[in-house]
Amino acid sequence: MPQQTRDKHRLAGLSQGLLALGLLLLWCLLWGSFTPLTIITGILVSTGVSFTFYLPGVELSGRVNPWRVIVFFVVLAWDILRASIQIAWLAFAPNFKPGNAIVGIPLNTRSDLIMSWTSTAISIVPGSIVVDLDRSGSILYVHVIDVHSEEDIQRFIQEVLDTERRLVLAIGSKAEVVRVNEQHALARGRKNR
Amino acid sequence: MATILTIFLIVSVATPFLARFLKNHVFTVVALVPAGAFIWTLLQGEQIRTHGEITETIRWVPQLDLALAFRMDTLAWLLALVVTGVGTVVLLYCTQYFTKREPGLGRFAAFLFAFAGTMFGLVTADDILLMFMFWEITSVLSYLLIGHYTGKKESRGAALQALLVTTFGGLVMLIGVIMISVQVGSTSLSAIVAAGVTGPMAVTAILLIIVGAISKSAIVPFHFWLPAAMAAPTPVSAYLHAAAMVKAGIYLIARLAPGYADLPGWKLVLIGLGVWTMLVGAWRSLRQYDLKLVLAYGTVSQLGFLMVIVGFGTPDAALAGAALLLAHAIYKSTLFLVVGIIDHAAGTRDWRQLSGLGRKMPVLAVITALAIASMAGIPPLLGFVAKESIFGAFLQAAEAGDPYGWIALIGTAVGSILTVAYSARFFWGAFATRTAACVSTEWHKPPTAILIGPGVLAVVSVLLGIFSPALNAWLDPYPESFDGHLEGHLALWHGFEPALFISIAILGLGAALFWKKTQVARLQEALPPLVDSSRGYWSVTRAVDKISAKVTIFGQRGGLPQYLATILVVFVLVLGTLAAIGNVWPTTFRLYDYPQQVVIALVMALATLGAAWTRKRMAAVLLVGVTGFGMVALFAFHGAPDLALTQALVETITIVAFVLVLRRLPGNSQKLTKRVHRGRRAVIAIGTGVVMGAIALIALGSRITDPISAQLPEMAYYEGHGKNVVNVALVDIRAWDTMGEISVLVVVATGIASLLFVSGRADKKGRRGLRRPATALGRRSVLSDPDIQPATPGARQSWLVSGGKIASANRSILLEVLVRLMFHPAIVVSIFLLFVGHNSPGGGFAGGLLAGLALVFRYLAGGRYELREAVPIDAGKLLGAGLVLAVGSAIGSLFFGSEILSSAYLSADIPVLGYISIGTTTIFDIGVYLVVVGLVLDILRSLGGEVDRQQDEADIAEESTDEFSPRQQVPNTDLWATQRVPIVPDTPSATDTREDNR
């Protein structure tokens, strides 16, 4: 068996194990206790479920940065709060002019996982929602409200790319991190000039 | 007796399975049961003779005073012997009669066998309602047996005719049965006979019962079903139409005669119709060319004869009737079996094409001769003995001044002359060598073993005739139950009595009729048919068909709006009027409990208006969904988290089902062109809403007693061992309801599936092949996505098992990733909900719905192939398993001596694990869970997968039209359609190899 394939299998086994562990954790949290009873039944249930309803393994990046994870969630929470207030304001604003756009945003990542989570994060922030995505080009098509100029759109695109970057820094693979940082530096350079 | 019936029941259920291995030899095996019953019955003879009866009672439904009461007296004993004896012979005969390759053999064997058991139950049942049940079961079984050749139209028609006629009689009889048991105050047959009630009520009841009896026994005017029923396989005719089912009517009359023969109308009906039937049957029989039809009409005739004699009501007649009943069962089944042999061997039953069979098959000819002789009444056979006694009994009554005696005597004597004639004609037709028949019949020699059955019966007929005096001792208790003194006895030789001369005269005249058969045939040609009830039957059924078609066309024009309008208008008119005139308005009412209600109600009202307003179907569905979620909010605010949870899940599933169906319809609903229509619908809608609101108001205000729900929490906790009242109510307190509901769910699911699938619930082809290889690697390793070329640097993995099977334009990678990550947690949560339900919000229903939703998303993300991978077993099995679990846990309690559905709890302290409490209700809940999952799966498979498949097929058909077809020349502006890639069945193995090569 070639090395690559063997690695792949090892990784697959690892990811399946991790996911099963997640299920066990979920089970215990649902019952609200970590007694031997819940743990044993949890092991039974999680292995039973993942064997009966088998799904392909997940290619994980193999890297987690806990600090970046916290940063990601804090910023996300802040975004949601900020956007909620904004939307609420829009709804009652006396001189509201509708200005909506669908923006195609090419992401830097090449990972389905990062792409999906980025689009989820964008979608749960009020005011923007992913309507379609192009998988091969990693392009998100996002519907956004209250944009009135090219500047608004550019700012929004940058917001999305920042979300992506935070996510990649938290759980992306090393290669992804490098690529995202490069792009970030490039963008910053362009802005400063 | 109950034991025997139980054995019959168990073996008849097992018979189809046995038939798979034993083929036609299954008959030999199951024949052991009636043989055993026959021997057992025979052994009871001594006790019945000395003690008069044996009884057995098992309590069944005390509220209805219905018991499994069995009683075997002389009459029942005689019938039981006939039924089990002839049943054994016929079953053994079937082994030879059917080949291994007979289609539907197991089913046939099970029905015929069950029929024997049912007849045994019928004649031994003492409870008249129990007897009636067996009576109806014989009707149903006879329907199934006559219709054995399901491919033949005449066979199905005859079966239906027999069923309609006998159940018509049965229903009429049921009224009589209930009337008489109310009159007597008991459902015991023996008590009813002993009571002998009189008066107009009793007369009506008995006449109604007689209708049932004569319809079953094919007496004019119901006789026509019997000849038609000859479409059945010959063993069925031999058993049902000679020995068993048609005897049920005779049995019932014989049973009631001791108590009711003197009721006004009894003799008039039975003797009148009996004589008439005997003459009509015999006359028709003389005209037949089909040997089986000769016998069929002969049977009709003989049944009339039997009806006259058993209904006559004197002790002598009763004895003679019992003898004739026995004789007829034996000779007529022999003759049917003989016809079956001839039919198989010669390939025809038409005697005009038969010639020289007597020489080729001398043994068969002898057997037939014996049976024929018994039928014609030639000494020393049992038939002769019986006829002698019959004429003796009639003469005795006639001499005593009973006019019915004369009618019966002359009628049956004339009938007997005809009987002799058609008997002789049957024998001559079957076995004679005729020069008229151009060729000697081609002949396949039947197996010798097939002769055993009829041979045994023929020998019995002879032996019983010769030793007939011995029968007296065994049969006498029956005639002695009549009023009056028994004078006659069964014997071959009574001395030179008038009856003997009558017999001789009959034989002579019958022989003469046969001698002059050409002239008789010409005379019959000339006479028009006197009674043709079958034409009456057909015109009645045709009229019913026509009326029902007209009513259907009137009531169901095929437009759903009309149905809905009808239902709603009736609702508004009836309940609205009642509400208006009832004057039951509550005096006080609260506008709302808390302000949130007002907001939610407003939202719901707006959504409803919007749903009525919009023409976009999807929008309408979503708006209706909003009202549903409004209910969720109301439940939640009201402190009913369980209801809220369930309602939310139900609402979601409903929307999914709607969307799955609506995607095949045009996006916009039809525009109502006429303003009138809109107005009319608005009026109906508003009216319905107002009435519904008023009813809710009235219902809430009209409570006068304390609601029982106040006690539910306590009951749930102390008796149901659960803190979640809703769930305990579902699985314990009102588990019967739940059982009914899940049964309905199963029916609904099956209905949906059968609407969409033409044959079978799941497309079976290739399911095995589609399933991933069973190795852990193949199933769980990271799969590369077939849509993206593996060589390119942006290679991606596949998130679902069959993700690449849907056209790339229709894929949503977002959905795929989320489903991959959320599917397992959703299933885990659903299992959690299932088990936590007893004490917290949740339960089998909610859990099942959540698991179903998980499957819905799996389907939405990956299409029908993915769904198939997710749940490899078909929905029917899931539904079935769920129902079995629920019913099993319900019935299970019976085995522990408690009432059905009572719950038991097992709790124990297990070291390490801690305190565990498991109840049977949990099993019940698991059943509910499985049924719900099965329902969702069925909806997805049929409304989702199957509709997809049909759509794909339609698309492919469309694309395959040639370039000159007009459709293709229109430029296709639909982006989706142009992008759509026809799905090439990409086998999993191909995908795997690609991955391995890399």
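**A nonpolar patch and its chain**

Modeller: Helix 27 of chain B, residues 595-613, gives the nonpolar patch its largest share, four residues. (Helices are DSSP runs of H or I with at least four residues, strands are runs of E with at least two, and both are numbered from the N terminus.) The model is predicted, so local features need pLDDT of at least 70 and side-chain atom pairs 80 or more, while totals for chains, interfaces and linings use all residues; side-chain values use heavy atoms, without hydrogens and water. Residues are numbered from 1 along each chain as its sequence is written, chains are lettered from A and ligands numbered from 1 in the order written.

The patch covers about 960 Å² and is made by B:Trp585, B:Phe589, B:Leu591, B:Tyr592, B:Val598, B:Val599, B:Leu602, B:Val603, B:Val626 and B:Leu697. Its members must have over 30% relative accessible area and no salt bridge (a Lys or Arg side-chain nitrogen within 4 Å of an Asp or Glu carboxyl oxygen); patches join nonpolar side chains (Val, Leu, Ile, Met, Phe, Trp, Tyr) within 5 Å and like charges within 9 Å. Areas are Shrake-Rupley values with a 1.4 Å probe, and for residues only the protein chains shown count as cover.

One member, B:Tyr592, sits in the loop between helix 26 (560-582) and helix 27 of chain B. Its relative accessibility is 42%, so B:Tyr592 counts as partly exposed; buried means under 20%, exposed over 50%, and partly exposed lies in between.

Chain B as a whole exposes about 46,200 Å², with 68% of that supplied by carbon and sulfur atoms. It has 42 helices and six strands, and 51% of its 998 residues count as buried. Among its contacts (heavy atoms within 4.5 Å) with a separation of 6 or more, 77% are between residues 24 or more positions apart.

Helix 5 of chain B takes us away from the surface: 18 of its 20 residues are buried, so the rest of the structure largely encloses this helix.

Note on methods: Buried means under 20% relative accessible area, exposed over 50%, partly exposed in between (1.4 Å probe, protein chains only).
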